[in-house]
Amino acid sequence: MKKGLPSNLEFEYAEAIPWFKLQGTADQIRSSEKFSEISGHIEIIEVLKFEKGKWKIQKLK
């Protein structure tokens with residue numbers, strides 16, 4: 001996270017549930033602010049993909 005975030009910003013994490021016969025293998029994150037309001041303050045440092053039963057790190061472009 002970068003500087004300048006709202007002081008009341010909170011995050012809630014939960015495991016995704018199975019949906020449309022797909023395994024719920026991801027974490028969901030909900031914030032108290034709209035993503036469009038904080039997107040300029042977020043830096044993606046790692047991307048994970050669940051493949052063949054394991055989490056794999058994907059290279060950032």
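Predicted model: local features only at pLDDT ≥ 70, side-chain atom pairs only at ≥ 80, totals over all residues.
Salt bridges were examined across the whole structure. The search finds three of them. Side chains of opposite charge can pair when their charged atoms come close. Arg 30 belongs to strand S2, which covers residues 27–31, while Glu 12 belongs to strand S1. The two residues are 18 apart in sequence, so their pairing ties together separate parts of the chain. Arg 30 is exposed, at 54% relative accessible area. Glu 12 is partly exposed, at 45%.

Glu 51 takes part in two further contacts. Its side chain meets that of Lys 49 in a salt bridge, with an N to O distance of 3.7 Å. Glu 51 also forms a salt bridge with Lys 56. Here the closest N and O atoms are 3.5 Å apart. Glu 51 is partly exposed, with a relative accessibility of 30%. Lys 49 is partly exposed at 39%. Lys 56 is partly exposed at 37%.

The patch lies on the surface and is formed by Phe 11, Tyr 13 and Ile 29. Together, these residues have about 340 Å² of accessible area. Tyr 13 sits in strand S1, which spans residues 11–15. The relative accessible area of Tyr 13 is 59%. Exposed means over 50%, so Tyr 13 counts as exposed.

The backbone shows one feature of note at Lys 52. This residue has a positive phi, of about 55 degrees, although Lys 52 is not a glycine. Lys 52 is found in a loop. The loop runs between strand S3 (47–51) and strand S4 (54–58). Lys 52 is exposed, with a relative accessible area of 80%.

In brief, Arg 30 and Glu 12 pair between strands S2 and S1. Phe 11, Tyr 13 and Ile 29 make up a nonpolar surface patch. Lys 52 carries a positive phi in the loop between strands S3 and S4.

Key: Residues numbered from 1 in each chain as written. Heavy atoms only, no water. Patch = residues over 30% accessible without salt bridge, like charges linked within 9 Å, V, L, I, M, F, W, Y side chains within 5 Å. Areas by Shrake-Rupley, 256 points an atom, 1.4 Å probe, with all protein chains shown as cover. Salt bridge = Lys/Arg side-chain N within 4 Å of Asp/Glu carboxyl O. Helix = DSSP H or I, 4+ residues; strand = E, 2+ residues; numbered from the N terminus. Buried < 20%, exposed > 50% of the residue type's maximum accessible area, 1.4 Å probe, protein only.
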